[in-house]
Amino acid sequence: MGPPQPASPAGTVDATAGVRVKVSDRYVEIKNGIFELTLSNPDGIVTGVRYNGLDNLMEILNKEDNRGYWDLVWNPPGQKTGIFDVIKGTEFRIIYHDENQAEVSFTRNWDPSLEGKAVPLNIDKRFIVLRGSSGFYTYGIYEHKEGWPDFGLGETRVAFKLRKDKFHYMALADNRQRIMPMPDDRLPPRGQPLAYPEAVLLVDPINPDLRGEVDDKYQYSCEDQYNNVHGWMSFDPPIGFWQITPSDEFRTGGPLKQNLTSHVGPTTLAMFLSAHYAGDDLSPVFTNGEYWKKVHGPVFMYLNSSWDGSDPTILWEDAKVQMMIEKESWPYYFAFSEDFQKTEQRGSISGRLLVRDRYIDDEDLYASGAYVGLALPGEAGSWQRECKGYQFWCRADEDGSFYIRNIVTGNYNLYAWVPGFIGDYKLDATLTIASGDDIYLGDLVYKPPRDGPTMWEIGVPDRSAAEFYVPDPNPNYVNRLYINHPDRFRQYGLWDRYTELYPDSDLVYTMGQSDYSTDWFYAQVNRKVDENTYQPTTWQIKFNLDSVSPGSTYKFRVALASSARAELQVFFNDQNRGVPHFATGMIGRDNAIARHGIHGLYWLFNINVDSAWLAQGMNTIYLKQPRNQSPFQGLMYDYLRLEGPCDC
């Protein structure tokens, strides 16, 4: 596991000490000479972590059941409001203990007397401490048995609340780390609530350097593909507390799914399942007594320390090294549950993905950098809404080659999408992965949607709106971390900048003159009229056609990066006709506009355009978003393309 960082003299370390477990009526204590973990008995709540001379890294001002805990949000049938449940075990067991390792279990089993009162799941929370390891692992096994009541699962995660008098510096990427506000700063009169409860303007923070900034936990969200290590540092003593997630396989929604990480508290989360940036599509519903079992984790809580408290990068760099060690150790051989498959029980697949688009190249192209993955069987693209099984993803090499290792046994479809091309690939065959399988699929060919030559295009097909115009924030609502930052879209209140840029009329984009990086606003939002009134907006795309092929069909392809209770209506050259030429109806609940996420779920619409709707010379496409109850209803575009008639 790598040697721990040298401890300060206050915390004596014996990295060679064996693992000790002490059980009393109220607590289970596990120590290994580097740190000591205290869990409540039989609840299985992390009440204490002693390390490097600090008696407790957890927030000692909180009640014991509000320090380090597993939780979930669930819905009985027909009930919209979720029930929040801090999962407390009712039975404690030592699964295994010797000098080198301890694994303990806290279970809570369901029976019919609990119907309507508790989520119908058997839950087994496990904690592992290894000899010489500076940190602890936790994982959970959830089981819904056949015949048990229906329910929905809105969220499940592990949360850690650290000492606010010690942990003030948060890090989740090389370019996303900073001194954070205190939790008290978020409360009046120090903090002033903004458009929704999560966003607060720091009016009189304890640290005056933060005055005038906005704090919002969603500004620190991260795509799962990059969400491997995040956490907090104390400067006195110099200590890091890190949440390391070595695999995405148990997280729902695929590599682009965004989740919370760490935020003011100081709080650190390991998110397994959530509806964030997706809506109810990513909240699984279990009906007709279906059987379901899934292992969430293990994830690793890593502790490190240094002599030099003045340089936080030392602890962050070490945490990144440890994250790589954990990834290379996956799947962990030391987890005892039979439900967590080890390397020899798993399988792998490989192959090469090519792209065939004869309007771009006569030869098949390498699917360079393609996202290739396995998820439960479904339609092409269904992986982004899949929320019950495991998923296994990789990025293809420059020549389109891919190799996915350590796949849990079962039935899957192979899915892919290729940056630079629209749409989704799915291999027609269902793949059955058995223990020890190493399946070679050979060359696979993806034919992206295409009917004719490109007349014009706007944007880059990459499932994000980041390439479009993201305005500077209102100077009164700034998070200084994101000034001149690649993630500038994470600033608060950008949706209101549209009204300032277009106070009276809407965006008009002229092909051949406009530039999408400066002239196409990142989101089609409503125009603010006054505090509670919003106008729908209609954008225009103007383009010239030298000629129109009569009696033929053109194709307008619109890829959306996000939709929040919005609708896209498309009119060709006549915005006053009673019925739009095309309408999506109300779609999406991903809330990416309000949550500073430059995308949510991906949508692709392929619209047949009758040549009679077009004219020789100048044409205008009107894109209307008519739903205007709130500032957060709107669309983000990924890519738009007009194709001419097929010349086949």
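The buried residues of helix H1 pack against strands S10 (135-144), S12 (167-173), S13 (176-179), S18 (229-235), S19 (238-244) and S24. Here, buried means under 20% relative accessible area, exposed means over 50%, and partly exposed is in between (1.4 Å probe, protein chains only). Helices (H or I, at least four residues) and strands (E, at least two) are DSSP runs numbered from the N terminus, and a contact means heavy atoms within 4.5 Å.

This is a predicted model, where local features need pLDDT of at least 70, side-chain atom pairs count only at pLDDT 80 or more, and totals for chains, interfaces and linings use all residues. Residues are numbered from 1 along each chain as its sequence is written, and side-chain values use heavy atoms, with hydrogens and water left out.

**Helix H1**

- The buried residues of H1 are Pro312, Leu315, Trp316, Asp318, Ala319, Gln322, Met323 and Glu326.
- Seen down the helix axis, these buried residues fall within an arc of 160°, so they line one face of H1; the arc is that of the directions from the axis to the C-beta atoms.
- An α-helix has 3.6 residues a turn, so residues three or four places apart point the same way.
- H1 covers residues 312-328, and at 1.5 Å a residue its 17 residues should span 24 Å, which agrees with the 25 Å between its end C-alpha atoms. The expected span is 1.5 Å times one less than the number of residues.

**Nonpolar cores**

- A nonpolar core is a set of buried Ala, Val, Leu, Ile, Met, Phe, Trp, Tyr and Cys residues joined through side-chain atoms within 4.5 Å.
- The largest one has 102 residues, and Phe136 and Leu414 have the most contacts inside it.
- Strand S24 (residues 292-305) gives the largest share of this core, 7 residues.
- Phe136 touches residues including Phe35, Val46, Phe127, Phe160 and Phe300, not counting residues up to four places away in sequence.
- Another core, of 67 residues, lies apart from the largest one, and among its members are Val470, Tyr554, Leu560 and Met636.

- Two strands pair if DSSP finds at least two bridges between them.
- S30 pairs with strand S27 (residues 371-375) in the antiparallel sense over 5 bridges, and Ala375 has Asn413 as its bridge partner in S30.

**A three-stranded sheet**

- An open sheet of 3 strands has the order S14-S15-S16, with antiparallel pairing.
- Its edge strands, S14 (191-193) and S16 (214-215), each pair on one side only.
- S14 and S15 (residues 200-202) are paired over 3 bridges, and Val200 in S15 is the bridge partner of Pro193.

**An exposed loop residue**

- Arg26 lies in the loop between strand S1 (20-23) and strand S2 (27-31), and it is exposed, with a relative accessible area of 53%.
- Arg26 touches Leu39, Ser40, Asn41 and Glu64, not counting residues up to four places away in sequence.
- Arg26 and Asp43 are 17 residues apart in sequence, and their C-alpha atoms are 9.1 Å apart in space.
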